[in-house]
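Please open the structure in a viewer and follow the selections below in order.

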Amino acid sequence: MTRIAVGGFLHETNTFAPTKATWDDFVHGGGWPGMTQGPDMLTVMRGINVGLAGFVEDAEARGWDLIPTIACGASPSAHVTKDAFERITKVMVDGIKAALPLDAVYLDLHGAMVTEHLDDGEGEILARVRAVIGPDMPLVVSLDLHANVTPQMVQHADALIAYRTYPHVDMADTGRAAARHLALLLQSGERFAKAFRQLPFLIPISWMCTFDQPCQGIYDKMAALESDAVPTLSFAPGFPAADFPDCGPAVFAYGRTQADADAAADRVAALVISHEDDFDGRIYTPDDGVRHAMALATTATRPIVIADTQDNPGAGGDSDTTGMLRALVRNNAQRAAIGAIYDPASAAAAHAAGLGATVALALGGKSGIKGDAPYEESFVVEALSDGRFVANGPYYGGRDMEMGPSACLRIGDVRVVVASHKAQLADQAMYRFVGIEPTEQAILVNKSSVHFRADFQPIAETLLICAAPGAMPADTAALPWTRLRRGMRIRPNGPAF
């Protein structure tokens, strides 16, 4: 049988964020499945929306023998600790080495990992794997759309294949695409030529959504360029919060000839650059956004959904800032809900007080974000939960969630989801598990930038983006960059670094 070693190690690093990712964070997983090693991987990584699950499904249909190593992910945050990186990478690389002889290796990586001791986490992983398997064995990798792709990653992998949707509803599909490309490599025994283009400006994440232009059109046109001559072509807009030279968007193509790969990569790169003016849009202040939502809600039949984009835990925020909550209360918003605020101490206090109790809290605001502070007020405890539920929406795709002791707190007519673990609010179940029915609210404020749209856009009257204090500025030019590539524009049409 064809023997394939598989593994996954995912982290999106915001080098400006307040909290690092430790071994324990990868054990828990945040919004990812908890860490699994060995044969358990093939049970856990099945039937859910992650790259590894899609690869496993396709590989088993092909009759491949899969040798699992380790699979883990953690919520986006600041740097991965050296301890976590080295321990996880050792399990992966040692597992691959022990499985030799092999026919190939597949890894599910993010592509934007920065560690305490390495700028290019994935490049280092791939270099270590390549050192074990030698220069000729196929090594194929699925990546997040937000990957900051580096020359070292391109050098060591035979193919890098990125998601094409944001919200990422195609993570499992990307794993299947990796399996198809690997099958081509195994059947032909050929090595495809590589082309790699890094683009000259950062793209704010709010304008990467593939439901909208320009990204919807870019990805449609890119897909049409794939052919027998260029079977795999990717555009990664990048994760614009990692302060190192290879941060930013990139195009990478694999062709039968170098000319094929170069031509495809050049066409997509030119297409993206031609849309530089379009990677921008309206962002509201907290008060302006809430007041506009309240005005729209007077005639709306569905919720007005607001993205609290700068405290998105899917981009390194701690999901605990209070700016949007304060704006809801200050403007006397009715039938409003916000989630999820990460505050284990407040969740514990709510559980200790009990249902129906009024409890004085210093809620959230504990991550030290400039302009933010704990919200000291009294709240009514409306619901309590152990934090365990299934997120069945299209982004999480049926994952078992573990938010820890959680509560629904009410102040005025504003309800707050408070949890003991961080995860991006990208599923309606993340309100329902504490008794809030999202479709019955006039205003919903989600700590997310874009992923929430997969499950909330169908129930929303309209969507707004607000910029309250947080770790991920909506304007990439607001970050204190020190190490970008010389000449890189720090926002579309912005100043060069």
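**Second largest pocket**

Select Asp25, Ser75, Tyr342, His421 and Lys422, which lie nearest the centre of the second largest pocket, a site lined by 16 residues. A pocket here is an open set of points on a 1 Å grid over the protein atoms alone, where a 1.4 Å probe fits, with protein on both sides within 12 Å along at least five of seven lines; lining residues have an atom within 4 Å of a point. This is a predicted model, in which local features need pLDDT of at least 70 and side-chain atom pairs pLDDT 80 or more, while totals for chains, interfaces and linings use all residues. Residues are numbered from 1 along each chain as its sequence is written, and side-chain values use heavy atoms, without hydrogens and water. The space in this second pocket is about 260 Å³.

**Largest pocket**

Next, select Ile161, Arg164, Ala177, Arg180 and Glu226, the closest to the centre of the largest pocket among its 18 lining residues. About 340 Å³ of space lies in the largest pocket. Colour helix 7 (171-188): helix 7 gives the largest share of the lining, seven residues.

**Helix 4 and helix 5**

Finally, select residues 82-99 (helix 4) and 121-133 (helix 5), whose axes come within 10 Å and cross at roughly 25°. Helix 4 is therefore roughly parallel to helix 5 (angles under 35 degrees count as such). Residues in contact (heavy atoms within 4.5 Å) include Phe85 and Met92 of helix 4 and Ile125 and Val129 of helix 5.

Note on methods
Axes fitted to C-alpha atoms, helices over the stretch in contact; angles between N-to-C directions. Helix = DSSP H or I, 4+ residues; strand = E, 2+ residues; numbered from the N terminus. Parallel < 35°, antiparallel > 145°, perpendicular 65-115°, else oblique. Points joined across faces, edges and corners; volume = space filled by probe spheres on them.
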